[in-house]
Amino acid sequence: MPDFMKASLTRISWMTRLTFLEAIRQRFFAFLILLSAALVLSSVSLRFLDFGHGELKFVCDFGFGGMFLFGSVLAVVMSAQLFFAEMDNRTALTLLAKPVSRTEFLVGKFIGVWLVLGVFIFTLSTLLGIILWARCQELTVAAVEVGKAPPEFSITGLFSYTGMQWARLGVVAAMILMVASLARTFLFTVIVGSMLVVAGQLQWLAQETLLKPGDLNFFSKLLLSVSTYIIPNLQQFNIGDALTLDHGSVADGAVTLALFSGGCYIVVFLFIGSLIFRQREI
Amino acid sequence: MNTGPAIAVKGLTKDFRIGMRGLKLRAVDNVSLEIPRGQVFGLLGPNGCGKSTTLKIILGLVSPTAGEVSILGFPFATTSARSRTGFLPEAPYFHKFLTGRELVAYCARLSGVKPESVNQAVEDALALTAMTEAGDRTIGTYSKGMLQRIGLAQAIVHDPELVILDEPTAGVDPVGSAAIGQMIKAMKAKGKTIVLCSHLLGQVEQVCDRIAIMDRGKLVLEGRVDDVLTRRDQTIISVENLTPEARRAAEEVLAQHGARVTSFTHPRRSLDDLFRELVTGSRDA
């Protein structure tokens, strides 16, 4: 590896370490992880509200919902907060006066935030996995006693889903950092970022509408076509039920395609973000 | 080896756009100056005169509207230029959860110090800034003076050729200010070029070789401290035990040679000197 690349990776790794250490200490992170863990644990005692669905599916939905909602909130708020903390406290002045490029700064911030999101999502996923596994054992014994088929639960599927959620949160974090590099305030970044996340979750509607020919005029088609490329389809990462409880229903290559698309969006968002951030006056 | 000036600035101009209508505010107006290597250079001026903006442009933190800047022969804002430069910002703020030693080590790694040399570089920087003992305390527990000194340590840990200090004595007591003055002299003795922005004019006068004064974005004076401060048309004679008769006789003799005595005063020491003589035991190390 060339020396300049090695030096650049070293700087990014040190930026990442600092960001991770700063993020993991935040009370907001501790609060959200405790709240989400409480939600996942409470799913066992609330399983009588399963509305006729299987018990494991209810627990799964409850846990995935917590990971999805609080993970999104954490990704939006923490990415924006860590970026603006450097700007407002003027620590960025000290860091960027060193041989650290704006791209290295932004990439280091992204990886640091993404690692914290990984800690969040894998902790909750492990907790959910333990609950699901324990209930699955009990339900299997009960099913065998009455001669029914035992419930299906895939721990590999659960962690595949966790990996996909981590990728989704990475896309959200990269998107927020891109907005932050342009924005002047934390609040603006959080509001615009949240709107983009909601748009990403609903992007599949634009894709479906485009598949119906004849219903749209030229400008609507153009708007929807552009939006399907600019805004990532975050809904494609939400196939937790299928991966965990019914692995056979997942289309071949769906996971790979979602991860590849997520990776592409992360690279593009960080690239655009660093181009904008280079012009920013510190 | 490049022997040109440490910093060369030519026709530097910076306009900021303000408000919705994009009105231009000229913060730096056609400034040109050269800072020789191995000297301590004082950049002075009232608040809002464009000093900090000039420094930020030199460091690549703000882009100029017009003009050219080079650092140690390299174009400004490049990695080559910044790896040879150390910077202490005004009122420095660092991540409070780090210890002083961790911060300096972290900055050493960001500045390209090799892993095997980091520990020695950190200890040297802490020793020069008298922060060795406090190095294991978290930065959140530091006083203002200690923050300035750890800021100085992080600026010099990679042994830069050029050190830029923006208000290094802001909020620091006179004893601490004098200590920072001594550190600047020690760095100069090592051959470093130091650019100092400060409102402590007495200290600037003591430590700087050259000064430049800015006002409303323009450079209004630049030169060697001795040249710009010495009044060649007047002379001060210090005399012990001067009696009224001797004074009258001296005035008559001087008048015979065409000289006119303008004042007879007793020399005074500065309040700064008196304070430092009296207060020695309250250092916050």
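Which helix of chain A does Ala199(A) lie in? Ala199(A) sits in α7, residues 186–201 of chain A. The model is predicted. Chain A has eleven helices and zero strands, while chain B has ten helices and ten strands. Between the chains, 21 residues of chain A are in contact with 20 residues of chain B.

**Ala199(A)**
- Ala199(A) counts as partly exposed, because 16 C-beta neighbours fall inside 10 Å. The buried class needs 20 or more, and the exposed class 12 or fewer.
- Leu234(A) is 35 residues from Ala199(A) along the chain. Their C-alpha atoms are separated by 8.7 Å.

**Chain A overall**
- Along the sequence the pattern is α-α-α-α-α-α-α-α-α-α-α.
- The C-alpha atoms fill a box of roughly 70 × 55 × 40 Å along the principal axes.
- Chain A has 282 residues, and 42% of them count as buried.
- Take the contacts in chain A between residues at least 6 apart in sequence. Of these, 82% join residues at least 24 apart.

- α1(A) has 22 residues. From first C-alpha to last it reaches 31 Å, close to the 32 Å expected at 1.5 Å a residue.
- The buried residues of α1(A) include Arg11(A), Trp14(A), Phe20(A) and Glu22(A). Also among them are Ile12(A), Met15(A) and Leu18(A).
- Cover for the buried residues of α1(A) comes from both chains. It includes α2 (27–45), α3 (55–88) and α5 (102–145) of chain A, together with α3 (100–110) of chain B.
- α5(A) has 44 residues and reaches 63 Å between its first and last C-alpha.

**The A–B interface**
- The contact count is 21 residues of chain A against 20 residues of chain B.
- On the side of chain A that touches chain B, the elements giving two or more residues are α1 (3–24) and α4 (91–96) of chain A.
- α1(A) provides the largest share of that side, seven residues.
- The residues on the chain A side divide into eleven nonpolar, four polar and six charged.

**Chain B overall**
- The C-alpha atoms of chain B fill a box of roughly 75 × 50 × 45 Å along the principal axes.
- Chain B has 285 residues, of which 42% count as buried.
- For contacts in chain B with a separation of 6 or more, residues 24 or more positions apart account for 68%.

**The six-stranded sheet of chain B**
- Six strands form an open sheet with mixed pairing, in the order β6-β7-β8-β3-β9-β10.
- β6 (85–88) and β10 (218–224) of chain B stand at the edges. Each has a single partner strand, so one side of each is left without a neighbour in the sheet.
- The twist from one strand to the next averages 15°.
- β7 (residues 162–166) and β8 (residues 193–197) of chain B pair in the parallel sense over five bridges. Within this pair, Val163(B) has Ile194(B) in β8(B) as its bridge partner.
- Helix α6 (residues 174–189) of chain B lies across β3, β7 and β8 of chain B. Its angle to β8(B) is about 155°.
- Helix α1 (residues 51–58) of chain B lies across β3 (40–44), β7, β8 and β9 (210–215) of chain B. It runs at about 150° to β7(B).

**The four-stranded sheet of chain B**
- Four strands form an open, antiparallel sheet in the order β2-β1-β4-β5.
- β2 (23–35) and β5 (74–75) of chain B are the edge strands. One side of each lacks a neighbour in the sheet because each has a single partner strand.
- β1 (residues 7–18) of chain B runs antiparallel to β2(B), and nine bridges join them. The bridge partner of Ile7(B) in β2(B) is Ile35(B).
- α1(B) packs on this sheet too, touching β1, β2 and β4 (66–71) of chain B. Its direction makes about 115° with that of β1(B).

How values were computed. Residues numbered from 1 in each chain as written. Chains lettered and ligands numbered in written order. Predicted model: local features only at pLDDT ≥ 70, side-chain atom pairs only at ≥ 80, totals over all residues. Contact = placed C-beta atoms within 7 Å. Nonpolar A, V, L, I, M, F, W, Y, C, P; charged D, E, K, R; others polar. Pairing = 2+ DSSP bridges. Axes fitted to C-alpha atoms, helices over the stretch in contact; angles between N-to-C directions. Expected span 1.5 Å × (residues − 1).
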